[in-house]
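We will go from stop to stop, with something to select at each one.

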Amino acid sequence: MYTFRFARWMAVVALGGAACDGTVPVSVPDRAARDATVDAREAGPVSDSGPADAETCGTEGVPCCNGSLCAGALVCEANVCRAQPSCGADTQPCCIGSSCRSGLVCQSGTCRAATACGMRSQACCSGACEAGLRCVAERCEPCGTLGQTCCGGGTCGPSLTCQADRCQPCGAAGQACCGAACAPGTECTAGMCRGVDRDMDGALAGVDCDDNNPRRAPGLRETCDNIDNDCTGVADDGNACGLWVHNGASGAWTAYALDAAAEMGAPSAHAPTTAIRFALDIESLNLAYVFTNTTYHVLDVRTRQWTASGARATLIAQLAGADAFAGYTVPAGHGGGNANIEGGAILTTAGVLALDFDIAARRFTFRQMDPVPTWMPAANAPGYTSIRAAWLDVTNAFNWVTSAPSALCPAGGAATQAYAGAIATDRVHVFEAGWCFLWAAPVPFASFSPFARPNAPPLARIATTFYQNGALIVLGTR
Ligand SMILES: [Ca+2]
Ligand SMILES: [Ca+2]
Ligand SMILES: [Ca+2]
């Protein structure tokens, strides 16, 4: 009895309470009522009392139980259980009315196990299929991938959309939107993804970091303009700026490219392309001679154009092979000197190279080689070879140096006038050059007036400096 009831119960459960192909009514009966009916049948009244017994069901020749259930190999035909040896069993043709034995369902005219539905190429289970399949013409077929029918509810896989019940690509320019989404560089307009480039710079929206500014797009040249041109997230990175001018009167810094022509895609033939070591500026000509380890380059300070260049030793023969790291010039006529001569000094590891620059002839001439200086007070002097950059300012017109010579020199005045500035490691050292020629106490780089101003070049970018006509000019590292 247990086996019969269990098999019957399992058949009902397997059908999930719903018929496949509509052939086997499988409404799940109230369990207590069903068990009572089957128990009554198994107890004997079915066979003993015959078909006339209205209390029996499920055996041969009597009504089916609960509309469709019959015992053992019987088939429920027209609501009567019948022995059917040639139909209704597994893999046999379905009997009249598409009937099969209990636990089987009629699929395309053949009785099959009730569980054989819902998977790929199987019959649908009451119109349903497992995930990734869809019931098409009573068969479970793949769906949802490119070119296939859409799955239930019109769904398709990633980057696909359901159009005319087919899964089609979506999201790219010219394709349908994926829902409301489109690929970077496109926007969903009236259901279609269309490329957008508002600033017409060739970078589509979503790819362009700023589609409202044609000076900003991936791949653009980073220029010195305080803007992140190439969409790296950082403005003026990659040493886009390499020349800074501090206007002493206004206190403002302005940054420029070291080679303005390079920003236009046509680098100057005369701009330095290797590390700048020092500069000698010629104030009366608004020029600066800028030196690398092997070359010199002439900068027109007013236009910031590089106007000439050549091998370093052809300009100053004594620089051949020298390790020169800083330099400065004294304006023509300063202190009653020759008005046609600017004096220059180049710091080299072997000593200080003294020069004259003839303004009319535009020529450097060697004067003498002085030994490495012994500076005082030693506590204030920079380490000689640690000097990164230097300049000479003979007026201190903007009071960048606030220390009083009287605090340094026995007969010093109250205000510094001529001084030499030097950047060494992370400090600015000031060499008093009017009274006693001693070093004042150094100050941290960022607290020296010009470098404390907004937009000052960072210490790490300073290759050389010079002071010319009221401006402090910085040339940057490469
Ligand atoms: Ca754009
Ligand atoms: Ca950038
Ligand atoms: Ca920029």
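Strand names on this tour follow DSSP: a strand is a run of at least two E residues, and strands are numbered from the N terminus. With that in hand, select Gly233, which sits in the loop between β10 (192–195) and β11 (243–247). Is Gly233 buried or exposed? It counts as exposed, because 8 C-beta neighbours lie inside 10 Å.

**The whole chain**

Zoom out and colour by pLDDT, since this is a predicted model. The average pLDDT is 87, and 88% of the residues score at least 70. Select residues 1–54, where the pLDDT is below 50; this stretch still has 76 contacts in the model beyond near neighbours in sequence. Where pLDDT is low, the predicted coordinates should not be read in detail.

Switch to cartoon view and you will find five helices and 26 strands. Of the 478 residues, 37% count as buried. Among contacts with a separation of 6 or more, 32% are between residues 24 or more positions apart.

Next, select Ala279, Ala288, Tyr289, Val290, Ala420 and Leu475. These have the most contacts inside the largest nonpolar core, which has 65 residues. Centre on Ala288 and show what it touches: leaving out residues up to four places away in sequence, these are Ala279, Asp281, Leu299, Val301 and Phe466. A second, separate core has 18 residues, including Val62, Leu69, Ala71 and Leu74.

**A four-stranded sheet**

Select β21, β22, β23 and β24, which form an open antiparallel sheet in that order. Why do β21 (387–393) and β24 (439–444) each have one side without a neighbour in the sheet? They stand at its edges, so each has a single partner strand. From one strand to the next, the twist averages 20°. Look closely at β21 and β22 (residues 419–424), an antiparallel pair joined by six bridges.

Step back to the loop between β20 (363–370) and β21 to find Pro377. The peptide bond that joins Met376 and Pro377 is cis, with omega about -15°.

**Two positive phi values**

Select β7 (residues 160–163) and β8 (residues 166–169), which pair in the antiparallel sense over four bridges. Thr161 stands opposite Gln168 of β8. This hairpin has two residues between its strands, and one of them, Ala164, has a positive phi near 50°. Ala164 is exposed, because 7 other C-beta atoms lie within 10 Å.

Arg304 also has a positive phi, about 60°, although it is not a glycine. Look for Arg304 in the loop between β15 (295–300) and β16 (305–311). With 16 other C-beta atoms within 10 Å, Arg304 is partly exposed.

**Last stop: Leu133**

Finish in strand β5 (residues 133–136), where Leu133 lies. Leu133 counts as buried because it has 22 C-beta neighbours inside 10 Å, and the cut-off for buried is 20 or more. Show Arg120, Cys140, Glu141, Pro142 and Cys143, which Leu133 touches when residues up to four places away in sequence are left out. Then pick Gly118: its C-alpha atom is 8.2 Å from that of Leu133, and the two residues are 15 apart along the chain.

Terms used:
Residues are numbered from 1 along each chain as its sequence is written. Chains are lettered from A and ligands numbered from 1 in the order in which they are written. This is a predicted model: local features need pLDDT of at least 70, side-chain atom pairs count only at pLDDT 80 or more; totals for chains, interfaces and linings use all residues. Two strands pair if DSSP finds at least two bridges between them. Axes are lines fitted to C-alpha atoms, for helices over the stretch in contact, and angles run from 0 to 180 degrees between N-to-C directions. A residue is buried if 20 or more other C-beta atoms lie within 10 Å of its own, exposed if 12 or fewer, and partly exposed in between; C-beta atoms are placed from the backbone. Two residues are in contact if their C-beta atoms, placed from the backbone, lie within 7 Å. A nonpolar core is a set of buried Ala, Val, Leu, Ile, Met, Phe, Trp, Tyr and Cys residues joined through C-beta atoms within 7 Å. pLDDT is the predictor's confidence in each residue, from 0 to 100.
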